Amino acid sequence: MILDSIFFYPVKSMSANAAAHIDVGSRGPQWDRRWMVIDSDNRFLTGRVVPRLVRFCAEVDQGTLRLSVDGDHLTVSDDFETVREVVVWKDVLEVADCGDQVAEWLSRHLGRDVRLVFQRDQDRRWLPEGKRVFEADEVSFADGYPLLLIGTASLDALNRSLQRPVAMDRFRPNLVVKTKTPYVEDSWRDIVIGQTPFTVASQCTRCVFTTIDPDTGERDSNGEPLATLLRTRRRQSDLKPVFGVNLVPNSEGRVYEGDAVTVG
């Protein structure tokens, strides 16, 4: 098997960046979900609540973030002067506020009072002890784990059950592996991509975010593909719908598109 494609998402819930290679650290891919939009109560916002977020393009060039939507562009300053305490699910952590200019720009385009924050290297967010593979496992602003992997055969199988096929970007993976057997990744435990080892921590539970079209920011009127996953892909332990698997890196490394994927 080979690594078919690589993606990272600089701002949580905004557009994907495709990459030919990426450096992986303890939190996952470099620059993945290091920025996040928060509401007036300093709580994280995602496409579940604000679907329009998926239409924003977020690109990183040597650590500088550039945002765009509907032909309007903004370069985000990295001169952080304010620290803000934010809430991500059950986690509370101090992070850097990106300033009033980007807050006003985002608020205008989203029609609500929001701000942008950045997770600096010193802003640590640890995985809950029950989810850790290693004692010091940490994560960015991602929902649960440092990386998400999906096999191409799994999407092919799901699309055969859908009236309207969906693209891989509907599921926001970091790593896509060229596979022949649907859902084979569910059975993996330890894998090596190129020279970088990973542990499969769990199946990835899916939510209403999968029903949002990344191109339009609109929800599917039939609740797909989540409705089909709820019928066909429920995890036995808790009956939650699953698609793809969560990864924890065993060490730092660099992975390349086309790298061999070896299952341990």
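**The largest pocket**

Mentor: With four residues, β15 gives the most to the lining of the largest pocket. Strands here are DSSP runs (E, at least two residues), numbered from the N terminus. This is a predicted model, in which local features need pLDDT of at least 70 and side-chain atom pairs count only at pLDDT 80 or more, while totals for chains, interfaces and linings use all residues. Residues are numbered from 1 along each chain as its sequence is written, and side-chain values use heavy atoms, with hydrogens and water left out.

Trainee: How much space lies in the largest pocket?

Mentor: Rolling a probe the size of a water molecule over the atoms shows where empty space is left. A pocket is an open set of points on a 1 Å grid over the protein atoms alone, where a 1.4 Å probe fits, with protein on both sides within 12 Å along at least five of seven lines; lining residues have an atom within 4 Å of a point. Here the largest pocket holds about 980 Å³, a volume being the space filled by probe spheres set on the points. Of its 38 lining residues, those closest to the centre are Arg48, Trp89, Asp143, Gly144 and Thr205.

Trainee: How many disulfides does a search of the whole structure find?

Mentor: A disulfide is a covalent bond between the sulfur atoms of two cysteines. The search, which takes cysteine sulfur atoms within 2.5 Å as a disulfide, finds zero. For Cys98, the nearest cysteine sulfur, that of Cys57, is 16 Å away.

Trainee: Is Ser187 buried or exposed?

Mentor: Ser187 counts as exposed because its relative accessibility is 60%, and exposed means over 50% relative accessible area (1.4 Å probe, protein chains only). Ser187 sits in the loop between β13 (175-178) and β14 (190-193).

Key: Buried < 20%, exposed > 50% of the residue type's maximum accessible area, 1.4 Å probe, protein only.
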